[in-house]
Each structure stands twice: as C-alpha cells, then as structure tokens.
Amino acid sequence: MKVLYIEKENMVYLKDVPKPEPKADEVLIKVAACGFCGSDVHILKGGHVQKYPVIPGHEFSGVIEKTGKDVIHFKEGDRVAADPNIFCENCDACKSNHQIHCKDLSVLGSLRDGAFAEYVTVPEKCVFHIGDIDFVQASMQNLWAVSLTVIINMRFQLVPPF
Ligand SMILES: [Zn+2]
Ligand SMILES: [Zn+2]
C-alpha cells in the first residue's frame with residue numbers, strides 16, 4: 001500500500017509498504033479521509049514526541065476492512081473514526097482517570113503508524129461508529145473533542161445543544 005513515510009527528521013516521501021495485519025484486538029481500517037494537523041509539521045521537524053520512521057496521520061475516518069479474532073463491536077464494512085491516543089489502562093495515571101498522562105501512551109501517527117496510508121490498524125477500544133456522517137467531517141472528530149474540552153475547562157457558559 002502507498003503511505004506517507006517520515007523516515008527521519010525533515011525527510012518525508014511516498015513509499016510502498018506491506019498492508020498491515022490487525023492483531024487480535026485490532027481492526028484494519030481502509031482510510032477514507034485524513035486531516036493534516038499542526039502536530040504533523042512538528043513530527044516532521046522533530047519537535048514532537050515521535051519515533052522514526054513513522055507514518056503520520058491521526059485525524060481520520062474510514063471503513064473497516066478486517067477485524068482481529070477478539071474484536072466484538074465491529075465488522076467488515078462499518079464506517080468508523082478513532083481516537084488516536086492509545087492508553088495502557090494499567091498505570092497509576094490511567095487508573096486515576098488521567099489517561100493523557102499514561103506512562104505507556106501510544107499515539108497513532110507519531111508513536112505508531114498512522115493514517116496517511118491506504119490502511120491503518122487500530123485497537124478496537126479506540127474505534128467508534130460514525131453512522132452516516134461525511135468522512136471528511138468525521139475525520140475531524142478529534143479536533144472537535146480537543147476544542148470542546150478546552151472550552152469546558154475554561155468554564156465558559158455553553159448554550160444548547162451542548
Ligand atoms: Zn491533530
Ligand atoms: Zn496508562
């Protein structure tokens with residue numbers, strides 16, 4: 001499959017790589033839309049928490065192509081998006097509901113391969129159904145969630161429908 005491939009700092013190009021296989025608890029998603037984020041620029045320039053080489057892309061949507069043997073909530077053909085943050089759920093931070101400080105955090109598109117690719121594998125626990133929402137709009141769910149969290153934390157008064 002074709003991917004955008006960051007080999008190292010400031011070195012990015014298109015590359016052919018093998019299509020990934022989902023692990024038992026993962027789904028394989030055929031990517032329909034993937035947003036380009038400011039973080040992607042930082043990942044390319046080396047100013048972010050990232051590993052190299054890496055396939056960037058963490059704001060995306062698509063269709064389930066294949067499921068691992070332990071996946072129960074999704075099937076082939078489902079329209080989905082995903083939270084790019086993958087928490088361990090076992091460390092002190094995760095157990096006290098501060099997952100963003102997870103000691104073993106992995107992130108699609110920076111610490112493991114992301115969605116500037118024809119296909120991406122994602123743990124089932126990070127995936128959610130998008131119904132009939134447009135793929136491009138659905139790919140921006142992470143952006144909306146971050147913005148909404150900031151607004152809520154600033155204690156602005158929100159008006160319906162929030
Ligand atoms: Zn982003
Ligand atoms: Zn954790």
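**Group meeting: the fold and core of a predicted model**

Good morning. In this protein, 31% of the 162 residues are buried. Please keep in mind throughout that the model is predicted.

Let me turn to the overall fold. The protein contains four helices and nine strands. Following the sequence, these elements come in the pattern β-β-β-α-β-β-β-α-β-β-β-α-α. The radius of gyration is 16 Å, close to the 15 Å that the globule rule gives for 162 residues, so the protein is as compact as a globular protein of that length. Along the principal axes, its C-alpha atoms fill a box of roughly 50 × 35 × 35 Å.

I now come to the interior. As a general point, nonpolar side chains in soluble globular proteins tend to be buried together. In this model, the largest nonpolar core has 31 residues. The members that touch the most others are Ile29, Val31, Ala115, Ala117 and Val120. Two or more residues come from each of strand E1 (2-8), strand E3 (26-34), strand E4 (60-67), strand E5 (79-82) and strand E8 (119-123). Which element gives the most to this core? That is E3, with five residues.

Finally, consider valine 120 as an example. Setting aside neighbours within four places in sequence, which residues is valine 120 in contact with? They are Ile29, Val31, Leu108, Asp113, Gly114 and Ala115.

Thank you for your attention.

Terms used:
Residues are numbered from 1 along each chain as its sequence is written. Chains are lettered from A and ligands numbered from 1 in the order in which they are written. This is a predicted model: local features need pLDDT of at least 70, side-chain atom pairs count only at pLDDT 80 or more; totals for chains, interfaces and linings use all residues. The radius of gyration is taken over C-alpha atoms; the globule rule is 2.2 Å times the number of residues to the power 0.38. A residue is buried if 20 or more other C-beta atoms lie within 10 Å of its own, exposed if 12 or fewer, and partly exposed in between; C-beta atoms are placed from the backbone. A nonpolar core is a set of buried Ala, Val, Leu, Ile, Met, Phe, Trp, Tyr and Cys residues joined through C-beta atoms within 7 Å. Two residues are in contact if their C-beta atoms, placed from the backbone, lie within 7 Å.
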